[in-house]
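Please look at the sequence and the model shown here before reading on.

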Amino acid sequence: MNSMKAAVWTATDRVEVTDVPMPKVPEGWALVTIAYNGICGTDVAILHGKHPRAIAPLIMGHEISGWVEQAGATGPPPGPSSPSNR
Ligand SMILES: [Zn+2]
C-alpha cells in the first residue's frame, strides 16, 4: 500500500478527503492505523483559519486511537495503542 486516506485542510473552511503518500517510519516513530479521531477546539480554529501556526495544506487530526501497523527500529511494538506503548 503506497497511499492512505487523509482529511486535508486546504483553505479556510475547506477540508478534502484525499489520498496522500504513505509516510516513511523514522526510528523511534510508528505508523498507526486510526480507529477513532476526536475533534477539539484546535481543529475548529485550524478549519476557520484562526490557528496562528497552521499553514495549508495540513492533514487534520491529532487526538487519535488505533493500532500500530509499523514501527521504526526503536518504536512501539505492533498492536493496539495504549499509554504503555505510545
Ligand atoms: Zn486537540
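## The pairing of β3 and β5

Strand β3 and strand β5, which covers residues 64–71, pair in the antiparallel sense over 7 bridges. Strands here are DSSP runs of E with at least two residues, helices are DSSP runs of H or I with at least four residues, and both are numbered from the N terminus. Two strands count as paired if DSSP finds at least two bridges between them. Within this pairing, Leu31 stands opposite Gln70 in β5.

The model is a predicted one, in which local features need pLDDT of at least 70 and side-chain atom pairs count only at pLDDT 80 or more, while totals for chains, interfaces and linings use all residues. Residues are numbered from 1 along each chain as its sequence is written.

## The sheet β3-β5-β6

Three strands form an open sheet in the order β3-β5-β6, with antiparallel pairing. The edge strands are β3 (30–37) and β6 (79–80), and each of them pairs on one side only. Strands β5 and β6 run antiparallel and are joined by 2 bridges. The bridge partner of Val68 in β6 is Gly79.

Glu63 has its place in the loop between β4 and β5. This residue is exposed because 11 other C-beta atoms lie within 10 Å. The classes are set as follows: a residue is buried if 20 or more other C-beta atoms lie within 10 Å of its own, exposed if 12 or fewer, and partly exposed in between, with C-beta atoms placed from the backbone.

Although Glu63 and Asn37 are 26 residues apart in sequence, their C-alpha atoms are 5.7 Å apart in space. Leaving aside residues up to four places away in sequence, Glu63 touches Asn37, Gly38 and Cys40. Contact between two residues requires that their C-beta atoms, placed from the backbone, lie within 7 Å.

## The sheet β2-β1-β4

Another open sheet is formed by 3 strands in the order β2-β1-β4, again with antiparallel pairing. Strands β2 and β4 (58–59) stand at the edges with a single partner strand each, so one side of each is left without a neighbour in the sheet. Strand β1 (residues 3–11) and β2 run antiparallel and are joined by 8 bridges. Val8 stands opposite Glu16 in β2, and Ala11 has Arg14 in β2 as its bridge partner.

Strand β2 comprises residues 14–21 and is hardly covered, since the count of buried residues among its 8 residues is 0.

## The turn between β1 and β2

Strands β1 and β2 form a hairpin with 2 residues between them. Thr12 is placed in the loop between these strands, and Asp13 lies in the loop between β1 and β2 as well. Thr12 counts as exposed because it has 11 C-beta neighbours inside 10 Å. Asp13 also counts as exposed, because 8 C-beta neighbours lie inside 10 Å.

In general, most residues other than glycine have a negative phi, and most peptide bonds are trans.

Beyond residues up to four places away in sequence, Thr12 touches His48 and Gly49. Thr12 and Thr33 are 21 residues apart in sequence and 27 Å apart in space, taken from C-alpha to C-alpha.

The peptide bond from Ala56 to Pro57 is cis, with omega near 0°. Pro57 lies in the loop between α1 (41–47) and β4.

## The chain as a whole

The secondary structure of the protein chain comes to 1 helix and 6 strands. From the N terminus on, these elements run β-β-β-α-β-β-β. Along the principal axes, the C-alpha atoms of the chain fill a box of roughly 40 × 30 × 20 Å.

How much of the protein chain counts as buried? The share is 6% of its 86 residues. Among contacts in the protein chain with a separation of 6 or more, 58% are accounted for by residues 24 or more positions apart.
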